Amino acid sequence: MVMNNLKPYTKYKPSGIAWLGDIPEHWEERRIKYFFREIDNRSETGDEDLLSVSHYTGVTKKRDRLAENEMISNAKTLVGYKIVEKGDLVINIMLAWNGSLGISKFNGITSPAYCVYRSLIGGEKYFGYLFRTKEAQQEFKKQSTGIIDSRLRLYTDKFFNIKTVIPTPEEQTAIARFLDYKLAKINRFIQKKKQLIKLLNEQKAAIINQAVTKGLEANAKMKDAGIEWLGDIPEHWEVWRLKYLINGKLKYGANESGGDFVENHPRYIRITDFDKSGKLRDNTFCSLNPELAEPYLLKEGDILFARSGGTVGKTFQFKNYDGVACYAGYLIKAEPNTTKITSDYLFAFTNSGIYDQWKSFIFNKATIENIGADKYSLLPVILPPLTEQQQIVYYIEKETAIINTTISKIEKELALTEEYKTALIAEAVTGKIDVRNYEIPTITEPETYNELEEELYIAAEDETEYQNEDVEE
């Protein structure tokens with residue numbers, strides 16, 4: 001992959017370290033124990049800022065990520081928590097293998113179950129980048145103790161025994177400065193693209209909302225829906241509770257754990273098996289034993305509602321799947337009664353702003369946001385005649401087609417950007433590119449992304465060429 005037109009170092013040597021490969025000739029290889037020491041100072045008051053560790057964000061202040069009314073900790077006291085100083089490396093030893101670590105930007109305290117390390121040679125930022133690469137994570141997993149992923153632990157003796165590289169102090173600084181600059185620009189680019197997706201989704205929701213609440217006739221006579229927040233609806237439309245529009249009752253899924261996909265076993269549908277648009281993915285598979293799955297089998301057009309968690313209230317449509325499938329226990333199934341409502345219309349309705357308004361009314365924010373079958377059954381659904389439902393769905397599909405295509409393109413671009421970002425970090429910290437003479441602009445200029453977009457275009461070409469070579473072979 002081409003990186004900013006940066007060249008490699010002039011001379012390399014085998015590192016003797018499987019996860020690093022060849023390294024610049026003048027770089028050293030040493031075990032981690034020679035440049036980090038473990039710190040185990042404990043808080044006497046528990047009043048310091050509580051820090052959390054995530055593979056997404058590294059080390060952050062817990063209070064900055066709290067939802068409304070969420071407690072900062074379930075622990076009775078934070079006395080005895082480990083003290084962290086700025087520049088310390090904090091590792092969640094249970095999740096080191098997936099990158100749950102980072103260099104702290106804050107003074108604070110963290111869980112006694114985590115490990116805190118302090119550099120003996122400086123270069124904290126460099127090592128923070130190095131240890132969060134996929135290559136490092138794979139080595140951490142290899143050195144962790146445990147039988148399955150959920151039981152793995154990267155203990156200090158194993159961590160300290162890992163061999164890694166040490167560039168010169170000047171290069172550590174240069175690499176960190178280069179990555180700070182490039183990643184800040186990439187992250188701003190990602191944020192702008194995500195903001196664009198948000199605006200496009202709002203535009204899409206407005207189209208859906210107008211169609212399912214007001215219909216397609218501009219001059220249609222209106223009436224009060226009978227529910228204050230629903231407003232006026234076309235005179236000949238009705239409002240029904242969801243429980244009267246489905247066959248049978250809303251049904252919870254199987255409280256079982258799915259296993260590896262087996263050809264003649266039902267596919268086990270989880271929330272993660274749906275994409276952001278609520279449609280079933282074709283690249284994630286899990287199975288459930290036929291006997292366990294039998295009471296939870298899905299039919300074409302079934303609508304699945306998420307019960308809790310980060311996707312609470314989101315809906316998914318089971319459609320255009322050729323095989324047999326069942327669904328997980330944190331999903332609730334509604335089988336539309338097609339003599340009253342079409343699956344496509346119900347799915348569209350649950351993607352409208354009016355549905356979002358309903359969710360905000362029934363969330364219990366005092367504990368955890370959760371919507372059970374009892375609450376979903378009372379969902380007011382604005383119901384046009386069947387022929388109009390079909391017309392509305394056709395209109396929505398036509399009007400949102402370009403928006404969906406644009407969103408899909410941006411999401412692919414974001415995926416490529418994340419891949420590029422990951423590769424850029426790995427190339428820099430392992431010496432595959434030489435950033436010593438990279439000039440970081442000192443004059444503030446209007447933000448442009450031409451250079452980045454050109455690099456992404458080249459990276460995409462490289463990836464396509466690489467895949468084509470694999471096919472030819």
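What volume does the second largest pocket have? The second largest pocket has a volume of about 1,200 Å³. This is a predicted model, in which local features need pLDDT of at least 70, side-chain atom pairs count only at pLDDT 80 or more, and totals for chains, interfaces and linings use all residues. Residues are numbered from 1 along each chain as its sequence is written, and side-chain values use heavy atoms, without hydrogens and water.

**View 1. The second largest pocket.** Tyr56, Thr57, Gly58, Tyr129 and Arg132 are the closest to the centre among 30 lining residues. (On a 1 Å grid over the protein atoms alone, a pocket is an open set of points where a 1.4 Å probe fits, with protein on both sides within 12 Å along at least five of seven lines; lining residues have an atom within 4 Å of a point. A volume is the space filled by probe spheres set on the points.) At least two lining residues come from each of β6 (58-61), β9 (101-103), α1 (124-131), α2 (134-143), α4 and α9 (DSSP runs: helices H or I, at least four residues; strands E, at least two).

**View 2. The largest pocket.** Its volume is about 1,400 Å³. Of its 35 lining residues, Asn201, Lys204, Lys276, Ser277 and Asn351 are the closest to the centre. α9 (386-429) gives the most to this lining, with 12 residues.

**View 3. An open sheet of four strands.** The order is β16-β21-β18-β19, with antiparallel pairing (two strands pair if DSSP finds at least two bridges between them). β16 (251-252) and β19 (315-317) are the edge strands. Three bridges join β18 (residues 303-306) to β19, and Ile303 stands opposite Gln317 in β19.
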